[in-house]
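User: I'm new to this one. Can you walk me through it?
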Amino acid sequence: MVDYEPVELSLDDTFQFACHPKVTCFNQCCGDLVQFLTPYDILRLKQGLGLFSSEFLARYTRQQTGGETGLVIVSLKSESPDDTRCPFVTPEGCGVYDDRPSSCRTYPLIRLASRARETGQISERYFLIQEDHCRGFEQGGTQTVRQWIMDQGLAEYNRMNDLMMEIISAKNRLAPGRTLSLAEANIFYTGCYDLDRFRSEIFETGRLAEAGMEKVDPAQSSMDDGALLELALVWTRHILFPEKQE
């Protein structure tokens, strides 16, 4: 049961919040782990840790199927079944702070985004979640939502997360209730989460091309992870949930 009522804020509305080691509840929000990861979260974390995406996924995550979409959801897992803490939390704070997930960056805000079918325009709404146990609201000065987005480096996270949102939206619109085949599930998981495997199977083995992916220019094989993820997300939507031609 939540102990707060989310309050909608505009980009230029202000709120008071700061989090640092002197706050009495410091690290408590990292002690009861419910942390879902977006494709861009995984990209940043695996880069920061110096791991291949498949290594990161095997070591730090678990999978489940979303009840509404039927698509695979990836979340962080604790180091042991009896431990509910984030695997990256330390007494000094977040051990992967520079590459922390978008939901951690956005807090104490949440972002809801939607795309208009007629115009393709993305609209976003922000809500403040002022939980009673959090003492961060008693700290520091104030900032606007717009300043928070800039200070937390959220712009690229939001842009990439919107590409994932388009895949989910397309599934809900074009294939509601349909269970993906094993081949489709492999394309979805690889294209969204296992970026290094996607690079290999697109540019080296051609296995995803055999499963329906378009041929690619071998010269693109050295593109950086960010550009590759954008390509992977767009292609995943195109291959799995193509828009019907009028």
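User: How many bridges join strand β8 to strand β9?
Analyst: Seven bridges join β8 (residues 109–115) to β9 (residues 122–128), and the two run antiparallel. Strands here are DSSP E runs of at least two residues, and helices are H or I runs of at least four, numbered from the N terminus. Two strands pair if DSSP finds at least two bridges between them. This is a predicted model: local features need pLDDT of at least 70, side-chain atom pairs need 80 or more, and totals for chains, interfaces and linings use all residues. Numbering starts from 1 along each chain as its sequence is written, and side-chain values use heavy atoms, without hydrogens and water.

User: What is the bridge partner of L109 in β9?
Analyst: L128.

User: And which residue takes a positive phi in that hairpin?
Analyst: G120, near 80°. The hairpin has six residues between its strands.

User: Which helix gives the most to the lining?
Analyst: Helix α5 (residues 155–174), with four residues.

User: New topic. How many aromatic pairs does the structure hold?
Analyst: Nine. Rings of Phe, Tyr and Trp (its six-membered ring) pair if their centres lie within 6.5 Å; planes under 30 degrees apart are stacked, over 60 edge-to-face, the rest tilted.

User: Why is the pair of Y60 and F88 tilted?
Analyst: Because their planes sit at 50°; the ring centres are 4.8 Å apart. Y60 is in helix α2 (residues 53–60), while F88 is in the loop between β5 (72–76) and β6 (89–90), 28 residues apart.

User: Is Y60 buried or exposed?
Analyst: Buried, at 16% relative accessible area. F88 is buried too, at 7%. Buried means under 20%, exposed over 50%, partly exposed in between (1.4 Å probe, protein chains only).

User: Which residues do ring pairs link into a cluster?
Analyst: F15, F17, Y107, F137 and W148.
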